[in-house]
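Subject: Handover of a structure, with notes

Dear colleague,

Please find below the structure that I am passing on to you, followed by my notes on what was found in it.

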Amino acid sequence: MKNPLFKDVGLAFFRIAVSAMMLTHGLPKFLKLISGNFEFGDPIGIGAAPSLFLAVIGEFICPLLIIIGFKTRLSAIPAAITMAVAAFIAHGADPFGTKEKALLYLVAFITLALVGPGKYSIDKK
């Protein structure tokens, strides 16, 4: 890009928008976890409570860190893994249209893991 400002603003916009949208999926799981309701699917066979805990990390905690740009590359990894489990295991037998959202998030978080947060973040990389 000719203007690095556009690149950095674009990365900040992408990072914040994707993570904010992910929070709409993670917040209900977080509220469920803190209320003590551990009913949840067990897609990888570790139990409902650990699965819920890992989903909260991938869909709530990590997106919050990505929004502020703290340890963005590292935080994008659990979020991407959560979306890979959602797309390929939880919705593995479903039609493409059902798993499409999880795949889009997966691509977005892999992209953030590769390119980093940009200049407008706590990490400033």
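Ser 51 is buried, because its relative accessible area is 6% and buried means under 20%, with exposed meaning over 50% and partly exposed in between (1.4 Å probe, protein chains only). Ser 51 sits in helix H2, where helices are DSSP runs of H or I with at least four residues, numbered from the N terminus. Leaving aside neighbours within four places in sequence, Ser 51 is in contact with Phe 40, Gly 41, Asp 42, Pro 43 and Ile 46, contact meaning heavy atoms within 4.5 Å.

Before going further, please note that this is a predicted model, in which local features need pLDDT of at least 70 and side-chain atom pairs count only at pLDDT 80 or more, while totals for chains, interfaces and linings use all residues. Residues are numbered from 1 along each chain as its sequence is written, and side-chain values use heavy atoms, with hydrogens and water left out.

To stay with H2, its 21 residues should span 30 Å at 1.5 Å a residue, and its end C-alpha atoms are 30 Å apart, which agrees; the expected span of a helix is 1.5 Å times one less than its number of residues. After H2 comes Gly 69, which has a positive phi, near 80°.

The loop between H2 and H3 also holds Lys 71, whose phi is positive at about 50° although Lys 71 is not a glycine. With 45% relative accessibility, Lys 71 counts as partly exposed.

H1 has 32 residues and reaches 45 Å from its first C-alpha to its last, close to the 46 Å expected at 1.5 Å a residue. In H1 a kink of about 40° lies at His 25, shortly before the proline Pro 28. Among the buried residues of H1 are Asp 8, Arg 15 and Lys 29, together with Leu 11, Val 18 and Met 22, and what covers the buried residues of H1 includes H2, H3 and H4. Gly 36, which follows H1, has a positive phi, near 90°.

For H3, the 19 residues should span 27 Å at 1.5 Å a residue, and the end C-alpha atoms are 26 Å apart, which agrees. Its buried residues include Thr 72, Ser 75, Ala 80, Thr 82, Met 83 and Ala 86, and the cover over the buried residues of H3 includes H1, H2 and H4. Arg 73, also in H3, is partly exposed, with a relative accessible area of 43%, and, not counting residues up to four places away in sequence, Arg 73 touches Leu 112, Ala 113, Leu 114, Val 115 and Gly 116.

In the segment after H4 lies Ser 121, which counts as buried at 8% relative accessibility. Not counting residues up to four places away in sequence, Ser 121 touches Arg 15, Ile 68 and Gly 69.

Finally, which residues lie nearest the centre of the largest pocket? They are Ala 55, Glu 59, Thr 82, Met 83 and Ala 86, out of 27 lining residues. A pocket is here an open set of points on a 1 Å grid over the protein atoms alone, where a 1.4 Å probe fits, with protein on both sides within 12 Å along at least five of seven lines, and lining residues have an atom within 4 Å of a point. The volume of the largest pocket is about 540 Å³, a volume being the space filled by probe spheres set on the points, with grid points joined across faces, edges and corners. H1, H2, H3 and H4 each supply at least two residues of this lining, and the largest share, 7 residues, comes from H3. The lining divides into 16 nonpolar, 7 polar and 4 charged residues, where Ala, Val, Leu, Ile, Met, Phe, Trp, Tyr, Cys and Pro count as nonpolar, Asp, Glu, Lys and Arg as charged, and the others, Gly among them, as polar.

With best regards

Note on methods: The bend at a residue is the angle between axes fitted to the seven residues ending there and the seven starting there.
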